[in-house]
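User: I'd like to learn how to read a protein model feature by feature. Could you walk me through this one?

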Amino acid sequence: MDYSNNRYFDLFRKQKENQYKVANTNYKGRTKKLVAIKHAIEVTYKDQIREALYNDFKKPFAETDLTEIYQIIGEIKHAKKYLKSWMSNHKVSTPLALFGTSSWYKYEPKGVCLIISPWNYPLNLTFDPLVSAIAAGNTVIIKPSELTPNISSVMAKIIKDLFHENEVALIQGEVETSQELLKLPFNHIFFTGSPKVGKIVMEAAAKNLSSVTLELGGKSPTIIDETANIKSAVKKIVWGKFLNNGQTCVAPDYILINETIKDDFIQSFKTQLEHFFTKDVINSNSICRILNSDHFDRLINHLENAKSKNATIEIGGKSDSDKNFLEPTVISNLPEDASLLESEIFGPILPIKTYKTLYEAINYINSKEKPLSLYIYSSNKKNIDFILNNTRAGTTCINNNLLQASNHYLPFGGSNNSGMGKSHGFFGFQEFSNTRAILKQNFKGFIENFYPPYTSAKQKLIDLTIKWF
Ligand SMILES: NC(=O)C1=CN([C@@H]2O[C@H](COP(=O)(O)OP(=O)(O)OC[C@H]3O[C@@H](n4cnc5c(N)ncnc54)[C@H](OP(=O)(O)O)[C@@H]3O)[C@@H](O)[C@H]2O)C=CC1
Ligand SMILES: CCCCCC(=O)O
């Protein structure tokens, strides 16, 4: 296939020519690169990162520190701690029939990789896979979102500071840039974004049989049963829902609550919201803005759709289009065809559905696509086990939310429509590695007894081997 007319082919070719030099960097060399990234984001560029994300969509410094910078530092510390083991030869047992051989497997780099990342946690969701890719010994081309230009420019500076373009390069650009890059025969593509675009990426990857990791989104349900500690559940859900103003892939998308505790939940929710953001939410410095007018309009359309179907606005509902601001809003009595119950909300609106029995709640969840996250608030182990055993999800938190995305020992990712492949820690390292099996013939063993010609004596030996070994 001739890629020479592709405007990024020259860069791709340089990385391809450089891939074995990068691949053969030892443990110390790879951790040195990771430590350089850690220093850049927690010292050299920290203020620029904070300012850039504030200028992109008023992300509070505290949230930048916690959900962007800290997440990457944790990922790097984790990789540093375990990379030597991950990179080692992993010996395996030898079956008797293969007597005379020894076997092991090792993780080898996939080669030249592409990372396409979204706008909502741009540093975290670009550098987290980058840490895994570097730990696994790959070269990387990065295409961040055009929708957060300030942080993309800072990330470009960091990458240019630390890497030659034949190892890691960041290309700023629009959708057309992604589409042009997707035509190239990358060894692996790590995409984070919507299921809609995930399908486009997977289709493009198929043309070159590039392997993919798809970190997608979806409607993450939160079940609250009658045994839940309501006050505790509300505090966690208000935090998880309005962190990044609901623009979080693992945010609780909607609530399924036992009908007997709905009113208590609403009352407690109102109190908690005021405690976090005061009554004057629009001027709170503890909540970011909706990214842009497109997303603002999308959310207002959801609200108008709900009102047109006589849904109940339990909390909030006020907006200010000049500031892309929508109050944290809780809505109940939504009909099944309400748009809020159909597409991922990705913003500060929380639909509430009541249920009579757990079966009803589980059947509703299973009528939808498999979610990225499923949350359970309950103090009844039987209920918790029943939900876990009768639903499917990429990740789950019990009596909390979001935290499963911050434990580097856990695999992070979706299932089917919410994604494929996993990231974070060892799982991210594996995504950017090919597991190579190796068997070595050390001395004469059994196997040559089964070579042709197949005499009756050999057939007897084969029968014995199958029966006993
Ligand atoms: N599983 C996870 O870890 C996460 C999943 N998500 C999901 O991502 C979505 C929100 O992020 P968002 O950025 O809006 O997602 P999009 O899918 O719209 O965009 C993701 C990336 O793909 C690029 N892109 C957009 N359209 C195309 C196209 N037609 N061809 C090639 N590339 C394209 C975007 O570029 P540009 O922005 O420049 O247009 C961006 O870099 C939500 O669904 C959310 O659930 C978000 C965070 C984490
Ligand atoms: C708390 C950090 C979450 C990052 C990925 C997301 O849910 O969008």
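Predicted model: local features only at pLDDT ≥ 70, side-chain atom pairs only at ≥ 80, totals over all residues.

User: Let's begin with the overall picture. How many helices and strands are there in the chain?

Analyst: The chain holds 15 helices and 18 strands. Its C-alpha trace spans about 85 × 55 × 40 Å along the principal axes. The accessible surface comes to about 21,600 Å², and carbon and sulfur atoms account for 54% of that.

User: What share of the residues count as buried?

Analyst: Of the 469 residues, 54% count as buried. Another way to read a fold is to ask how far apart in sequence its contacting residues are. Taking contacts between residues at least 6 apart in sequence, 72% join residues at least 24 apart.

User: Into which domains is the chain divided?

Analyst: Domain 1 covers 9-216 + 420-435, and domain 2 covers 221-413. In their contact, 26 residues come from domain 1 and 24 residues from domain 2. The centres of the two domains, taken over C-alpha atoms, are separated by 30 Å.

User: How should I read the size of such an interface?

Analyst: Interface size is often given as the accessible area lost when the parts come together. Here, the area buried between domain 1 and domain 2 is about 2,200 Å², with carbon and sulfur atoms giving 56% of it. The count of salt bridges between domain 1 and domain 2 is 0.

User: Now the surface. Which residues make the nonpolar surface patch?

Analyst: The patch is made by L96, F99, F443, F446, L461, L464, W468 and F469, and has an area of about 840 Å². Take F443 as an example: this residue lies in the loop between β18 (433-441) and α15 (456-468).

User: Why does F443 count as partly exposed?

Analyst: Partly exposed covers the range between the buried cut-off, under 20%, and the exposed cut-off, over 50%. F443 counts as partly exposed because its relative accessibility is 46%.

User: What about the backbone? Where is there a cis peptide bond?

Analyst: For a cis bond, look at omega: the peptide bond joining P452 and P453 is cis, with omega about 0°. P453 lies in the loop between β18 and α15.

User: And phi? Which value does L209 have?

Analyst: Phi of L209 is near 50°, a positive value in a residue other than glycine. L209 sits in the loop between α8 (195-208) and β7 (211-215). This leucine counts as exposed because its relative accessibility is 76%. N333 also deserves a look, with a positive phi near 55° in a residue other than glycine. You will find N333 in the loop between β13 (329-332) and β14 (349-355).

User: Let's finish with one residue in its surroundings. What is F9 in contact with, leaving aside its neighbours within four places in sequence?

Analyst: Apart from those neighbours, F9 is in contact with Y3, S4 and L184. F9 lies in helix α1 (residues 9-23), and counts as partly exposed because its relative accessibility is 22%. For a sense of distance across the model, compare F9 with N301: they are 292 residues apart along the chain, and their C-alpha atoms are separated by 42 Å.

How values were computed: Residues numbered from 1 in each chain as written. Chains lettered and ligands numbered in written order. Heavy atoms only, no water. Patch = residues over 30% accessible without salt bridge, like charges linked within 9 Å, V, L, I, M, F, W, Y side chains within 5 Å. Areas by Shrake-Rupley, 256 points an atom, 1.4 Å probe, with all protein chains shown as cover. Salt bridge = Lys/Arg side-chain N within 4 Å of Asp/Glu carboxyl O. Helix = DSSP H or I, 4+ residues; strand = E, 2+ residues; numbered from the N terminus. Buried < 20%, exposed > 50% of the residue type's maximum accessible area, 1.4 Å probe, protein only. Domains from an automatic or database assignment. Contact = heavy atoms within 4.5 Å. Buried area = accessible area lost by both parts, 1.4 Å probe.
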